[in-house]
Amino acid sequence: MALMRLTSPHAHGPMSTQRVMQSVLLATIPGIIVLTHFFGFGTLVNILWGSIVALACEALALKLRRRPLGFYLKDYSALVTAVLLCIALPPYAPWWLIAVGIASSILLAKHLYGGLGYNPFNPAMVGYVILLISFPIQMTAWAPPRGLGELPGFMEALQACFTPSAYDAITMATPMDLLKQNNSLLIKDLWGQYPQFGRWSGRGWEWANIAFLAGGVWLLYQRIFTWHAPVAMLVTLGLLAAIFYDGGSSASGGSPLFHLLGGATMFGAFFIVTDPVSSAVSLRGRLIFGGLIGVLIYTIRIEGNYPDSVAFAVLIMNFAAPFIDYYTQPRTYGHRKKRAGE
Amino acid sequence: MADVSYKDLSINGLWKNNPAIVQLLGLCPLLAVTGSVVNALGLGLATTMVLIISNTSVSLIRNLVSDAVRLPTFVMIIAAAVTCIELLMQAFTYELFQILGIFLPLITTNCVILGRADGFAARNSIGPSFYDGLIMGLGFACVLAVLGGLRELSGTGALFANMDLLFGASAANWKIVMYPDYQPFLLAILPPGAFIFTGLIIAVKNLIDDRIKKRQDALKTRPVKGAKRVRVTGAVS
């Protein structure tokens, strides 16, 4: 038997950007299917149109920056940004809304800072927040889930996107909004009064969250990212929700399950917080990074004025990521622990 | 600095040394009030007036004030000029005065004005000082107006709204609506829009400068006629 004659370092082949991005795209599929099932074809149309705009913006930016077009377009990073942003946008959004969001993501948040790998902020979330601040009415218009309203077909969804004036989308307050605006009903009565609530959280929303959780677990299994940041975020969010649940009074912030399976929680935890570029790097740093995002999400959800808070929480913590990295540098083997600031 | 050419002063103030986009002075009003053309023009013109008055008066008294107390003296002159302008605006353009609010008295603290007073007017005679104030002010006002125009256009889809606040009732219908059913892009009017658009204006200015420089370099380094042998020594691999 021949002995292995390899010498150290036993470095394994690094995963290419292209493959990472492809895996992320694949992992979003269950979530997209569930969203389409409950809210109709709006999300799919968003993604189709958003991807076209994203590739065009990426090509334009690369051309202006005199970078090789084919190499960077094929790394799928623009597509990932587009898909993530389009999932976050309300279905049946008008075409210009999507275009403005994608252009802000790709041109402002990514290429102005130097392209993939240099952006301090998550591009998809920058696009989302710019849209939310600029067009609050369109950005909070969510369609009613299946069972509460007529779901438009694919052609109608296209029409809603490209000729917004011809199509009157029916919108309904999201469960997050209802809970925030509620100050007189017990949680149990609130659940009974509004059909938007489901078993644990919002109708449709809970299944979308479970689907994104499944996609995220698959990514974890594929070792696209480590468990630290998403788990820390879910734990702090769940803990805070449990502490302030107070048994379901009218002032309650909602049950832990409501928060874990509501809004963009799972999508944020596994697809946004885990962005390798804009998050903290060390494992301990990722625990802190994710944990603080969970705290911010809960705080802004309860105290803030916006419907959901994942984007704001992530952007605020992106600011802090270099700072966290500075104080959580792992000890090099064989060296004593460096004191901070040394 | 006895011989200051007016041409150099003009180029400096309007382009090469523009207070707003090259020296990056006075950013606070630049970012705060450029939500529309009329606000930007109002503040730009007020700043220009203050610059002219302060530059001229500082130049007049430059030989009377000792070095030790020159800065407090200049600041007092500037504050007096700002107060005059503020009262004038309160009298003639009351609504604009209210919109600009605290940013009118804050012209006193605008670095452009003290910078020009100490850096130029304190060393030059009255003619060039007056002209420098005028040109620097115009350079500042131009950038403000362009920025205001960009932000108003992208923020509301219209241009030159409410110009009557500055130019009287006849200007009330100067408003040009570019797109009838434009969704207001709030970001452009909010403070982040000011940062983004200022950055873009600076980028465009640098781009133009680069182009000009390249053209001049190309003119300078014409290829020398006739072949020249390159000297090669040592091993060539």
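Figure 1. Residues 24 or more positions apart make up 79% of the chain B contacts with a separation of 6 or more, a contact being two C-beta atoms, placed from the backbone, within 7 Å. Of its 237 residues, 36% are buried, that is, with 20 or more other C-beta atoms within 10 Å of their own. The model is predicted: local features need pLDDT of at least 70, side-chain atom pairs count only at pLDDT 80 or more, and totals for chains, interfaces and linings use all residues. Residues are numbered from 1 along each chain as its sequence is written, and chains are lettered from A.

**Figure 2. Fold and extent of chain B.** Chain B has ten helices and two strands, in the order α-α-α-α-α-α-α-β-α-β-α-α; helices (H or I, at least four residues) and strands (E, at least two) are DSSP runs. The radius of gyration of chain B, taken over C-alpha atoms, is 23 Å, well over the 18 Å that the globule rule (2.2 Å times the number of residues to the power 0.38) gives for 237 residues, so the chain is more spread out than a compact globule. Its C-alpha atoms fill a box of roughly 80 × 60 × 30 Å along the principal axes.

**Figure 3. The largest nonpolar core.** This core (buried Ala, Val, Leu, Ile, Met, Phe, Trp, Tyr and Cys residues joined through C-beta atoms within 7 Å) has 98 residues, and A:Met125 and A:Val314 have the most contacts inside it. Helix α4 (residues 77-88) of chain A gives the most, ten residues.

**Figure 4. Surroundings of A:Val314.** Leaving out residues up to four places away in sequence, A:Val314 touches A:Asn122, A:Met125, A:Gly268, A:Ile272, A:Val273 and A:Ile293. A second, separate core of 48 residues includes B:Leu9, B:Ile52, B:Ile78 and B:Leu100.

Methods:
Buried ≥ 20, exposed ≤ 12 C-beta atoms within 10 Å, placed from the backbone.
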